[in-house]
Amino acid sequence: LAWVCGGGGGGGGAGTQGILTPRTMTSIAPSKGLSNEPGQNSCFLNSALQVLWHLDIFRRSFRQLTTHKCMEDSCIFCALKSIFAQFQYSSDKVLPSDALRSALAKTFQDKQRFQLGIMDDAAECFENILMRIHFHIADETKEDICTARHCIPHQKFAMMLFEQCVCSSCGASSDPLPFIQMVHYISTTSLCNQAVKMLESREKATPGMFGELLRNASMGDLRNCPSQCGQQLRMARVLLNSPEIITIGLVWDSDHSDLAEDVIHTLGTCLRLGDVSRIRHGIKARSEQSEG
């Protein structure tokens, strides 16, 4: 599992301490930090970068890539290669992420995103870095249909999904909507509220309830039946593949939050994909373990 936080902070919620006990941190090897001088506002980038570095599957696969479409001083691929080399070989305890920060700003200058000195969203930064890696190594294919075997973002991260409403009353169904999702976004407020509701209906929490919790927290609004029979339906989401890395983006509802401790106690370390989404027949719902 990969975790990235986006948005601001959430309002108050009921206490969730002890719902799911996170694994101890003693098994995680110490690593280098990233600098964030006053006024740099690079914490969002540093967060996304640390996630990528600590994902063994990504780090090892990225190391094997040797050719790419270079964009010179705005090349995110080159900047990421450089900072990864410093993570691996530098004797410094704190590393600058300036080169990647600059390349990111130049790449997204027209959209006025991730600009120097300006705070931005960590989860969206993470997702856009993945899409830029796709551009650098597999630009001949579109983002939503990329099947290139060397494209790490799509081969390792992409969740291939489709959504559809099916009415249990009249049998009507909406047209399936296929899409690719790199990050599964969850509201922290909804996550905590659902955790409290789930505990009210059971004696104690179990590690396996985390997937169910994510599914309940990400349920969309009710929609009318496609045939207008009067039923209110929720969109069913079906997973068509089994990604090696599942990325969950925590979305805070405002800039200031008192939910941080509750969110931490809510997180689980075991996720069965079948608990989060329906699985297409033939796809095995594996358990993914994560430390940290």
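**View 1. Phe-157 and Phe-58, a buried pair of rings.** Phe-157 has 0% relative accessibility and therefore counts as buried (under 20% relative accessible area; exposed is over 50% and partly exposed in between, with a 1.4 Å probe and protein chains only). Phe-58 is likewise buried, at 0%. The model is predicted: local features need pLDDT of at least 70, side-chain atom pairs count only at pLDDT 80 or more, and totals for chains, interfaces and linings use all residues. Residues are numbered from 1 along each chain as its sequence is written, and side-chain values use heavy atoms, without hydrogens and water.

The structure holds 11 aromatic pairs (rings of Phe, Tyr and Trp, the last by its six-membered ring, with centres within 6.5 Å; planes under 30 degrees apart are stacked, over 60 edge-to-face, the rest tilted). In one of them, the ring centres of Phe-58 and Phe-157 are 6.0 Å apart and the planes meet at 70 degrees, so the pair is edge-to-face. Phe-58 belongs to helix α2 (residues 56-64) and Phe-157 to helix α6 (residues 152-157), so the pair ties together parts 99 residues apart in sequence. Helices are DSSP runs of H or I, at least four residues, numbered from the N terminus.

**View 2. The edge-to-face pair of Phe-62 and Phe-84.** The centres lie 5.6 Å apart, with 80 degrees between the planes. Phe-62 in helix α2 is linked to Phe-84 in helix α3 (residues 76-89), 22 residues away. Both Phe-62 and Phe-84 are buried.

**View 3. Arg-59 over Trp-53.** The charged end of Arg-59 sits over the Trp-53 ring, 5.0 Å from its centre (NZ of Lys or CZ of Arg within 6 Å of the ring centre and within 35 degrees of the ring normal). Trp-53 belongs to one aromatic cluster, whose members include Phe-77, Phe-87 and Phe-126.

Note on methods
Helices (H or I, at least four residues) and strands (E, at least two) are DSSP runs, numbered from the N terminus.
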